Amino acid sequence: MLKPIILLFFSNLFMTFAWYGHLKSMNNKPLFFVIVLSWGIAFFEYMLQVPANRIGFRYYNIGQLKVIQEVITMVVFAGFAFLYMKQPLKLDYLWAGLCLVGAAYFMFRNGFAEA
């Protein structure tokens with residue numbers, strides 16, 4: 001049950017860099033170049049995300065998979081914003097994280113999906 005979570009974590013690293021990484025140092029590059037580069041990075045995201053969801057669907061229902069994805073996305077994005085983009089961490093990350101904890105509670109309160 002941990003393998004899909006690990007794959008989703010690394011998938012999110014690629015996704016976050018594909019979506020936002022260019023904002024730090026590629027503002028002077030042509031948009032088409034940045035789009036193609038982002039697609040190239042996103043390829044690796046999909047190489048991890050698709051198997052993660054296929055494997056995860058054996059253990060979790062689709063709603064649970066989505067909430068897991070969102071929790072991981074918020075954790076990865078907060079780390080990316082702070083460490084790579086040098087943005088200050090604000091209480092908004094905490095509040096958003098607490099909302100995701102609530103979402104996880106409601107998606108998992110009846111247990112895991114049947115395999």
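Predicted model: local features only at pLDDT ≥ 70, side-chain atom pairs only at ≥ 80, totals over all residues.
View 1. Helices here are DSSP runs (H or I, at least four residues), numbered from the N terminus. Ala 18 counts as buried because its relative accessibility is 5%; buried means under 20% relative accessible area, exposed over 50%, and partly exposed in between (1.4 Å probe, protein chains only). Skipping residues up to four places away in sequence, Ala 18 touches Ser 38, Ile 41 and Ala 42, where contact means heavy atoms within 4.5 Å. Val 34 is 16 residues from Ala 18 in sequence, and their C-alphas are 9.1 Å apart.

**View 2. Ser 11, also in helix 1.** Have a look at this serine: Ser 11 has 1% relative accessibility, so it counts as buried. Leaving aside neighbours within four places in sequence, its contacts are Glu 45, Leu 48 and Gln 49.

**View 3. Helix 2 and its bend at Glu 45.** Helix 2 runs for 26 residues and reaches 35 Å from first C-alpha to last, close to the 38 Å expected at 1.5 Å a residue (that expected span is 1.5 Å times one less than the number of residues). The bend at Glu 45 is about 25°, taken as the angle between axes fitted to the seven residues ending there and the seven starting there. Glu 45 is among the buried residues of helix 2, as are Val 34, Ser 38 and Ala 42. The buried residues of this helix pack against helix 1 and helix 3.

**View 4. The largest nonpolar core.** Nine residues make up this core: Leu 7, Leu 8, Ala 52, Ile 55, Tyr 60, Leu 65, Ile 68, Ile 72 and Val 76. A nonpolar core is a set of buried Ala, Val, Leu, Ile, Met, Phe, Trp, Tyr and Cys residues joined through side-chain atoms within 4.5 Å.

**View 5. Lys 86, in the loop between helix 3 and helix 4 (91-108).** Lys 86 isn't a glycine, yet has a positive phi of about 60°. Most residues other than glycine have a negative phi. Lys 86 is exposed, with a relative accessible area of 62%.

How values were computed: Residues numbered from 1 in each chain as written. Heavy atoms only, no water. Helix = DSSP H or I, 4+ residues; strand = E, 2+ residues; numbered from the N terminus.
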